[in-house]
Amino acid sequence: RKWTRLRRAFIQEAAGTLYKDGLKQFLDLGSGMPTENHLHIAVPDARVVYSDINPVAVSYGQSLFAEHINIDYIYGNVRHINDIFNAPDVRRLIARREPVAIGLNTLILFLTEAQNGRLAQTLHNWAAVGSQIFVVLQTRAEQIEAQRYEKLLALSAAAGLPMQLYTLEQNIAMMKPWQPIRIQPLAQFLGLPDDFITEEDQAGMGITFHAAFFRKEAA
């Protein structure tokens, strides 16, 4: 629950930071169940497209934002990212020639290294120079207790959300050719005390959450 709250706080804080830096359009991938206080609250004049593969989240989001001409919620599977690019509401709200802020939420966890690499490259090809990706990187230590880690993976698979944890170095490598411009522990990014994250929060596997920003520097 603590990590979930921090991730949501990051989305709002990151969106506000990017907005101040001049990014006025946002494509949020794997948005999950929408709320009234999601990232659009931090960027009131921006154009925002949320997306997810959960039909319940999409339906609720479309209802929630029905009266907002600059916000929409679409069905979108990042494994078929070109379908998202070509969605009518993305084409209406996202100007290809302008930098765009792209949120990845927890998607990296649920894709293989190869899938993450292809997604990063495709996003880089599509986005304008100056675009940024903002994401919380949920990382593990290099050396972990294999039995404990396998148990975590089995629990997530049993819950219907099979995932894979990567090291910080693997996460950064998967995002190429995007250039990392800011990566720091999530609690530090949010201005929380050094002892806010405990050993128990790290699940005995060195699990750490990092606030990360990557930028497209050149075509």
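Of the 219 residues in the protein chain of this predicted model, 46% count as buried. The chain holds eight helices and seven strands. Its radius of gyration is 17 Å, which agrees with the value near 17 Å that a compact globule of 219 residues would have. Here is a short tour, from the overall fold to a couple of backbone details.

**Overall fold**

- Taken along the principal axes, the box filled by the C-alpha atoms of the protein chain is roughly 50 × 35 × 35 Å.
- Among contacts with a separation of 6 or more, 76% are between residues 24 or more positions apart.

**Nonpolar cores**

- In soluble globular proteins, nonpolar side chains tend to be buried together.
- The largest nonpolar core here has 33 residues, and the members that touch the most other members are Phe10, Phe26, Leu39, Val43, Val48, Phe134 and Leu186.
- Two or more residues of this core come from each of helix 1 (2-20), strand 2 (47-52), helix 2 (55-64), strand 3 (71-75), strand 5 (132-139), helix 8 (186-189) and strand 7 (208-215).
- Helix 1 is the element that gives the most to this core, with eight residues.

**Largest pocket**

- The volume of the largest pocket is about 1100 Å³.
- This pocket is lined by 38 residues, of which Arg7, Thr106, Leu109, Phe110 and Leu161 are the closest to its centre.
- Helix 1 and helix 6 (146-158) are the elements that give two or more residues to the lining of the largest pocket.
- Helix 1 supplies the largest share of that lining, with five residues.
- By residue type, the lining of the largest pocket divides into 19 nonpolar, 13 polar and six charged residues.

**Second largest pocket**

- The second largest pocket has a volume of about 160 Å³.
- Its lining is made of 12 residues, and the closest to the centre are Pro185, Ala187, Gln188, Asp194 and Ile197.
- Helix 8 and strand 7 are the elements that give two or more residues to the lining of the second largest pocket.
- The largest share of the lining of the second largest pocket is three residues, and this share comes from helix 8.
- Eight nonpolar residues, three polar and one charged make up the lining of the second largest pocket.

**Backbone details**

- Most residues other than glycine have a negative phi, and most peptide bonds are trans.
- Asparagine 105 has a positive phi, near 50°, although this residue is not a glycine.
- Asparagine 105 sits in the loop between strand 4 (101-103) and helix 5 (113-126).
- Is asparagine 105 buried or exposed? Asparagine 105 counts as buried because its relative accessible area is 10%, and the cut-off for buried is under 20%.
- The peptide bond that joins lysine 176 and proline 177 is cis, with omega at about 10°.
- Proline 177 belongs to the loop between helix 7 (168-174) and strand 6 (179-185).

How values were computed: Residues numbered from 1 in each chain as written. Predicted model: local features only at pLDDT ≥ 70, side-chain atom pairs only at ≥ 80, totals over all residues. Heavy atoms only, no water. Helix = DSSP H or I, 4+ residues; strand = E, 2+ residues; numbered from the N terminus. Buried < 20%, exposed > 50% of the residue type's maximum accessible area, 1.4 Å probe, protein only. Core = buried A, V, L, I, M, F, W, Y, C linked by side-chain atoms within 4.5 Å. 1 Å grid on protein atoms, 1.4 Å probe; cavity = no way out; pocket = protein on both sides within 12 Å on 5 of 7 lines; lining within 4 Å. Points joined across faces, edges and corners; volume = space filled by probe spheres on them. Nonpolar A, V, L, I, M, F, W, Y, C, P; charged D, E, K, R; others polar. Rg over C-alpha atoms; globule rule 2.2 N^0.38 Å. Contact = heavy atoms within 4.5 Å.
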